[in-house]
Structures are given as C-alpha cells and as structure tokens.
Amino acid sequence: GATQVLALLTSVAIARLLSPREVGLAAEAVVFGSLALVIADFGVASVIVQRPALSETDKSTAFWASMIMGAALTAVGVGLSWPIASLYGQPRVQSLFAVLSVAFLLTAPGIVQGALLTRELRFRQLELRNIVATGAACATAILLAALGFGPWAIVAQGLAVAGVSTVLLWRTSSWRPKLVFSLESLRSMAGFAAHTFGSKSLLWAT
C-alpha cells in the first residue's frame, strides 16, 4: 500500500513538472528498462528459495553468475540503445536507454541476498526495504524534475530504486559471497532457473 501511494503521488507530481513529450521520451526507454527485474536474475533467485539444501558453493556461484549476467546485460543495453532509438525515431532515447541499462548492474549484486531473505521468511525486512527504496527513488525523481532535468528525472528514479534496494539488501543480509564459482553447481541450477525465467519473460511480454 505504501509503495502504491508513493508511486501515485510521484506520477501526479511528474505529470505537473514535465511536459508530455518529456514523459513520453522517458517511457520509451523505461519499457525496455523494466526487463532488468525479469532478466537480471535469470531465475536463479527462485532456485535459491526452492532448493531444500543449499551449499556455500551454490550461493557464491549464483552470486557471481548474477554479476556476470548484470554486466553483460548492461553492455548489451548500451549497444542496443542506438537501434532502439532508431526504432522509435527519437535520437534522445539513445542516451536515456544507455544510462538506464546500468540498472542491470545495480540490481545484480542484491539478487542472492534478496532470495536468501525470502528463503528465511524475512518478509518484513524485504517490504521495509522496498518502501524505503521506492521513497528514495520517488524523491529523486521529483527533485530532478523540479530542477529541470526533464526525462532524466524518470530515468534517475529507476536507477535510484535499483541502487538503494541493493544497498539495503546488503545491510539486511549477513551473507557475503566467497571467491568460489562452480560450473557443476551452475548446471544443477540451470533447469529450474530456465523454467522460471521463461515464465517471467512471458509475463513481461504480455
């Protein structure tokens, strides 16, 4: 409820502070940027929650795999920013989408921590994190919009919620990754992760 109220108030404020064209430009970038929440964990979070037994190797492997995926998706997002801008016929979308692609990299470090908190049924901490991150992102968007940053205010909102959320997950979870990466562990997680990733991708597409 709190996040919905914050989002509603921010939408009203943004609508009054930005022109329809500025909102439209940001929306064109955000449509693809929303993939960060779907693709970044490629189903690995569900595996962590689902597995009856979870080793330290599994957790660390999942973390580093998420980091690699986040970095790769950021690079792909930057590379695709020119074709996407061309598709829309809006050159300004290129820089907006390129910067918004950093959300993949900001989201990745918190995926395993968030899944571990879910596994431990610590839903209160997860929801408080969500409320604080949303509040910080909304405040950032309104401030930048008021200062005349136009569509960048909405892009900054997406980056802020990803960054603050990850920082809070690290503060809440005591687990820290080790320098361990196992291909065998990754392969064992791949089957269940692929099904979860597929269902999330279909949900996003619809």
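**View 1. Aspartate 58 in helix α5.** Aspartate 58 is found in helix α5, where helices are DSSP runs of H or I with at least four residues, numbered from the N terminus. The model is predicted, so that local features need pLDDT of at least 70 and side-chain atom pairs count only at pLDDT 80 or more, whereas totals for chains, interfaces and linings use all residues. Residues are numbered from 1 along each chain as its sequence is written, and side-chain values use heavy atoms, with hydrogens and water left out. With a relative accessibility of 9%, aspartate 58 counts as buried (buried means under 20% relative accessible area, exposed over 50%, and partly exposed in between, with a 1.4 Å probe and protein chains only). Its side chain is joined to that of serine 55 by a polar contact of 3.1 Å, a term for a pair of N or O atoms within 3.5 Å in which, within protein, one must be able to donate a hydrogen and the other to accept it, residues adjacent in sequence counting only if both atoms are side-chain atoms. Leaving aside residues up to four places away in sequence, aspartate 58 touches Arg51, Ala53, Ser185 and Met189, contact meaning heavy atoms within 4.5 Å.

**View 2. Aromatic pairs around phenylalanine 63.** Three aromatic pairs are found in a search of the whole structure; rings of Phe, Tyr and Trp (its six-membered ring) pair if their centres lie within 6.5 Å, and planes under 30 degrees apart count as stacked, over 60 as edge-to-face and the rest as tilted. Phenylalanine 63 and tryptophan 170 form an edge-to-face pair, 6.0 Å centre to centre with 70 degrees between the planes. Because phenylalanine 63 lies in helix α5 and tryptophan 170 in helix α10 (residues 152-172), this pair ties together parts that are 107 residues apart in sequence. Phenylalanine 63 is buried, at a relative accessible area of 4%, whereas tryptophan 170, at 24%, is partly exposed. Phenylalanine 63 also pairs edge-to-face with tryptophan 175, at 6.2 Å centre to centre and 65 degrees between the planes. Tryptophan 175 lies in the loop between α10 and α11 (183-205). Phe63, Trp64, Trp170 and Trp175 form one aromatic cluster.

**View 3. The nonpolar cores.** The largest nonpolar core has 13 residues, among which Val44, Ile48, Ala62, Val112, Leu116, Trp175 and Met189 touch the most other members; such a core is a set of buried Ala, Val, Leu, Ile, Met, Phe, Trp, Tyr and Cys residues joined through side-chain atoms within 4.5 Å. At least two residues of this core come from each of α4 (44-50), α5 (56-88) and α8 (111-119). A second, separate core of 11 residues includes Leu25, Ile84, Phe97 and Val155.
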